[in-house]
Amino acid sequence: MKWFVIAYLDPGSGSYLLQLLIAGLLAASFTVKSFWRNLAGFFTRLFSKNRRDGKTLG
Amino acid sequence: MEKLSADQKEAGSFRDPSGFLFYRNGALFRQVNLSYKEDYDCLIRSGLYQKLAERGLLIPHEETEEKGLQGPVYKVMRPEQIAFISYPFEWGFSQLKDAALLTLEVQKTALEHKMSLKDANAFNIQFRTGRPVLIDTLSFKTYEEGRPWVAYRQFCQHFLAPLALMSYRDIRLNQLGRVYLDGIPLDLASRLLPWRSRLDFGLLIHLHLHARSQQRFADRPIKEETGKFSRLAFLGLIESLEKAVRRLNWKPGRTEWGDYYQATNYSEPAFEHKKDLVADFLSQAKPASVWDLGANTGFFSRISGERGIPTVAWDIDPLAVEKNYLECRGRAEKNVLPLLLDLGNPTPALGWGHEERRSFAQRGPADLVLALALVHHLAISNHLPLERIAGFFARLSRFLVIEFVPKSDSQVKRLFLSRDDIFPHYDRASFEAAFSRYFAIEKAAPVRQSERILYLMRTLQTPLL
């Protein structure tokens, strides 16, 4: 059995274990948000590109 | 800042084995210990240091050829010095919130460079030219995927708990930070917060469940088999904390001093004249640093700040400090630092051996102290003898600009509405006699269309600290 060697700062067992307990939730939430952000970013770029092109053409 | 003699270790810098601060010939240096070599090299080579320093998120430093002070040394660096070291319980709500967001921004940037913050101590954040900055260059370590954030507990105790208490319960609860130097215990924060704070998902997890988890798993050993914390989970944690911090706001009610300038008895010409006199006295004294005591929202601090003088604007009222900070932030002011202080009970020396955090007076003297519309509050509301006020001010400053407000002034009359006049010696002659024990009165100018007198004084003797 190996023990975690952590750092000079005691992270606190409860604080450490809570993070492990909610890890799945945090990862899922981040993935979903990233997906929506990327999608929104894609459309923003697309439309701003169209606007820029429009201006150039106009 | 107190200048220390040659080769003296900074008393508050002893916890982290990676290095420490020391003073040599009045200059501040940071020794990087040999044990921190790998992490320090990673900080520099990964480009993280450069990125953070360029964005103003981390204090810049230069590596020197100086000798180390003790132990196996890797480098000695000279960090840019901060004009005034302040403490989190002296900050207003938005200052603490900005410091929390800065910490999370640094952590996000560190993760992009495969590094992570190994502590999240609010005392490691200082205000530099008006904006928060991380001053501990040795706070980074190489990120090892699979491990949770070591500094999670500290972040919640130092930032999230006080912000939530100030936002949900009472702004004055940031004073708990003066007692709990390693942040507010989460079980205490959880008990003090109202039930409705559980409806905020971030606070529910990071404060309430966190506190329960600490109680339940206290002292349980952590084994490698216990579980993994993926990089995505880590990013999710930082994002969740950021969201929780951003949602916290403070909606102040009316406090004692927040509308002081509207409630003042000054006529327009009197106010203008006072402003000119303050500017004139500053020109004469040419101070390198100013402390404005009882600064309110910082109107007069700005006269000094606009001349490029680092100015600390102290006030007892959290709303005045908050308004002042928001104005400084909005105007991108570089020289005014608003801070909270009860001058009747100023910040004491704190921590181990009373040496980790310096008292209010130990962080002086300032070149010049402004004490405008203040002496009547100290002498009458706080019952302080004039001589003791003069004695303390002489410890704080080399020059003093002070306003005497006589009993006939309507603001002083207001103070007597609810108390007996037991101050037979509160008059101009006694004031000048008391202050002349410690100061040379260089100028005494009556403020036009008022009964007040503005003085420029020079300190004669500094009472022993």
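The side chain of B:E403 reaches the backbone nitrogen of B:A373 at 2.6 Å. A polar contact of 2.8 Å also joins the side chains of B:E403 and B:K274. Here a polar contact is a pair of N or O atoms within 3.5 Å; within protein, one must be able to donate a hydrogen and the other to accept it, and residues adjacent in sequence count only if both atoms are side-chain atoms.

This is a predicted model: local features need pLDDT of at least 70, side-chain atom pairs count only at pLDDT 80 or more, and totals for chains, interfaces and linings use all residues. Residues are numbered from 1 along each chain as its sequence is written, chains are lettered from A and ligands numbered from 1 in the order in which they are written, and side-chain values use heavy atoms, with hydrogens and water left out.

B:E403 sits in strand 14 (residues 397-404) of chain B. Helices (H or I, at least four residues) and strands (E, at least two) are DSSP runs, numbered from the N terminus. Leaving out residues up to four places away in sequence, B:E403 touches several others, among them B:Y266, B:R452 and B:L454. Contact means heavy atoms within 4.5 Å.

Buried means under 20% relative accessible area, exposed over 50%, and partly exposed in between (1.4 Å probe, protein chains only).

| Residue | Relative accessibility | Class |
|---|---|---|
| B:E403 | 0% | buried |
| B:C328 | 4% | buried |
| B:C42 | 21% | partly exposed |

A search of the whole structure finds zero disulfides over all chains (cysteine sulfur atoms within 2.5 Å).

Now the interface. In chain A, 30 residues are in contact with 41 residues of chain B. The area buried between the two chains is about 3,300 Å², and carbon and sulfur atoms give 69% of it. Buried area is the accessible area (1.4 Å probe) that two parts lose on being put together, summed over both.

The rule finds two salt bridges across the interface of chain A and chain B. A salt bridge is a side-chain nitrogen of Lys or Arg within 4 Å of a carboxyl oxygen of Asp or Glu. One salt bridge joins the side chains of B:E239 and A:K33 (3.8 Å, N to O). Helix 1 (13-21) and helix 2 (23-57) of chain A each supply at least two residues of the side that touches chain B. Helix 1 gives the most, with nine residues.

Eight of the nine residues of helix 1 of chain A are buried, so this helix is largely enclosed by the rest of the structure. Among the buried ones are A:Y16, A:L17 and A:Q19.
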